[in-house]
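Please view the sequence and the model together while reading the points below.

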Amino acid sequence: MKGRHSTFGRAFKIASLCGLMLCAQPSLAAGNNTPDVQPSILQNYLIQERKAAGLSSKTIQIGTITWSYSEGGSRANPSILLIHGLAGNRDNWNRVAHYLTPYYHVIIPDLPSNGDTKVPANFDVSVPNVTDQLRQFAEKIDIEDKLNVAGHSLGGSIATVYAAQYPFDTQSLFLLNSAGIYKHAVTPYTKNPSSLKQLIVSKPGDFDSVMHQLMQNPPAVPFKLKQAQEQHLISQAAQTSKMIDQVVTLNRIYTPDTFARLTKTVEAPTLILWGKQDKIINVEAANELKTLLKRAEAPVILNNVGHVPIMEAEQEVADHYLPFLAKSQKFKNPLADKLIPLN
């Protein structure tokens, strides 16, 4: 494991953090070159990181969507679907996946309009539609039965909607710094989602300030790599703004009460994990979420971690997730077996 945390690895880790929540990480597909950094360097790094995590890259066409996803682990083992955050991509999960693939079948898609997944220009990126498309994806690759679903940030909202809509098929739910419409939201971004646009890298110098919002202790990034990332993120600012508009729309569709009603329908055993120093969605939301879910364990709170524990504290995330997964595989679905208590 130590070899994977090289100097360049740490640099790329933080450079890609902008893609995790609010900014688009550069696609590594042919023809989409990142300024001032040889594409082969980034491509080779990601290839090696996926390989170290036991993952391989695949694509599949479903309707109008060409899905790009990573897959690892044996299909004989239970399946896990890992869902990234707003404008992130599948590679945000690589370091956590390293701990999962020896024991589970792991699937990590680039969500529609993110990473290398291709969609029509007029694609509806709302949470309900993305959840529906994700279900079609799960069915097409034959993982929908007894599926363990995990989501970070906005991916947590998608995971929650998925678990609510497909209760018979969801074996467990894992929510990390999960987005939602919370009554006890005190951060500016949860009170007013339009303020998320303050986290868009739209001009030189924005990169550093955004990193300090997303992470508790962002490491230093080599100048050339940081400059290249910043330039690319600036070029993607308009698309990122459109995606944030969808979050604003979601807040018009749901209120704290309607979000609570949706969450209360989730039947799956649930693990909640939060970075204590999250500046995007305050840590108090973890306990509020716990009160809404029928079968949630006491939230795990990681100290000295911000909004992105899957990249800031990947080993701690795995150390908590693996025992929960092992335990939850033994549970029967309460809808299928009415003798199983919900609490």
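Helix α5 spans residues 127-140, which makes 14 residues. From its first C-alpha to its last, α5 reaches 20 Å, close to the 20 Å expected at 1.5 Å a residue; the expected span is 1.5 Å times one less than the number of residues. Helices (H or I, at least four residues) and strands (E, at least two) are DSSP runs, numbered from the N terminus. The model is predicted: local features need pLDDT of at least 70 and side-chain atom pairs count only at pLDDT 80 or more, whereas totals for chains, interfaces and linings use all residues. Residues are numbered from 1 along each chain as its sequence is written, and side-chain values use heavy atoms, with hydrogens and water left out.

**Helix α5 and its end**

- The buried residues of α5 are Val-127, Asn-129, Val-130, Thr-131, Gln-133, Leu-134, Arg-135, Phe-137 and Ala-138 (buried means under 20% relative accessible area, exposed over 50%, partly exposed in between, with a 1.4 Å probe and protein chains only).

**Glu-230 in helix α9**

- Glu-230 belongs to helix α9, residues 223-235, and counts as buried because its relative accessibility is 14%.
- The side chain of Glu-230 reaches two backbone nitrogens: that of Gly-205 at 2.8 Å and that of Phe-207 at 3.1 Å.
- Leaving aside neighbours within four places in sequence, Glu-230 is in contact (heavy atoms within 4.5 Å) with Val-201, Lys-203, Pro-204, Gly-205, Asp-206 and Phe-207.

**Positive phi in two loops**

- Ser-153, in the loop between β5 (147-152) and α6 (154-165), has a positive phi of about 55° although it is not a glycine.
- Ser-153 is buried, with a relative accessible area of 0%.
- Asn-304, in the loop between β8 (300-302) and α13 (309-312), also is not a glycine and has a positive phi near 65°.
- Asn-304 counts as partly exposed, at 43% relative accessibility.

**The second largest pocket**

- About 410 Å³ of space lies in the second largest pocket (a volume is the space filled by probe spheres set on grid points, which are joined across faces, edges and corners).
- A pocket is an open set of points on a 1 Å grid over the protein atoms alone, where a 1.4 Å probe fits, with protein on both sides within 12 Å along at least five of seven lines; lining residues have an atom within 4 Å of a point.
- Of the 25 residues lining this pocket, Asp-145, Lys-146, Asp-169, Gln-171 and Gln-329 lie nearest its centre.

Technical notes:
A polar contact is a pair of N or O atoms within 3.5 Å; within protein, one must be able to donate a hydrogen and the other to accept it, and residues adjacent in sequence count only if both atoms are side-chain atoms.
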